[in-house]
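Student: I would like a close look at a single part of this model, taken slowly and with the cut-offs stated.

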Amino acid sequence: MRLLLISMGLLLSLGLQMCRAEEVAFLPKADFTEAKKQAAEKKRPIYVFVTSDNCGWCKEYKEKHLSDPIMIAYLNSFYICVEANISKPDGQEFVKQADL
């Protein structure tokens with residue numbers, strides 16, 4: 001019984017930590033080589049959010065979906081997340097390297 005309570009406490013604390021994340025943990029820079037490296041190390045697929053500074057649909061998607069706590073927890077738990085802003089040089093390079 002004691003082991004069961006300890007296990008349930010650990011699972012609850014892990015769940016709360018996942019829900020506490022306020023935003024998707026995108027890599028600090030849109031770097032295809034780093035994304036592939038982390039994906040291989042963690043055995044996770046890569047989630048790529050291609051955006052642009054002047055894309056209204058991208059902003060709406062980010063506001064509606066990438067701010068949802070369930071979506072944030074899911075993406076942070078199961079994917080290596082990359083935001084490739086094609087208005088910036090690193091985003092343009094990422095798109096070329098990833099052949100998107």
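Student: Which residue does a disulfide join to cysteine 55, and what is the S to S distance?

Tutor: The model is a predicted one, in which local features need pLDDT of at least 70 and side-chain atom pairs count only at pLDDT 80 or more, while totals for chains, interfaces and linings use all residues. Residues are numbered from 1 along each chain as its sequence is written, and side-chain values use heavy atoms, with hydrogens and water left out.

The partner of cysteine 55 is cysteine 58, with an S to S distance of 2.4 Å; the criterion for a disulfide is a pair of cysteine sulfur atoms within 2.5 Å. A search of the whole structure finds 1 disulfide. The torsion about the S-S bond of cysteine 55 and cysteine 58 is about 75°, so this disulfide is right-handed. Cysteine 58 has 12% relative accessibility and therefore counts as buried, where buried means under 20% relative accessible area, exposed over 50% and partly exposed in between, with a 1.4 Å probe and protein chains only.

From there the chain can be followed into helix H3, residues 56-64; helices (H or I, at least four residues) and strands (E, at least two) are DSSP runs, numbered from the N terminus. Within H3, glutamate 60 and lysine 64 lie 4 residues apart, about one turn of the helix, and their side chains meet in a salt bridge at 3.1 Å, N to O. A salt bridge here is a side-chain nitrogen of Lys or Arg within 4 Å of a carboxyl oxygen of Asp or Glu. Glutamate 60 is partly exposed at 32% relative accessible area, whereas lysine 64, at 54%, is exposed.

The whole structure holds 2 salt bridges, and another one joins lysine 62 to glutamate 83, whose closest N and O atoms are 3.0 Å apart. This pair links distant parts of the chain, since lysine 62 belongs to helix H3 and glutamate 83 to strand E2, 21 residues apart. Both residues are partly exposed, lysine 62 with a relative accessible area of 34% and glutamate 83 with 24%.

E1 and E2 (residues 80-85) run parallel and are joined by 6 bridges, two strands being paired if DSSP finds at least two bridges between them.
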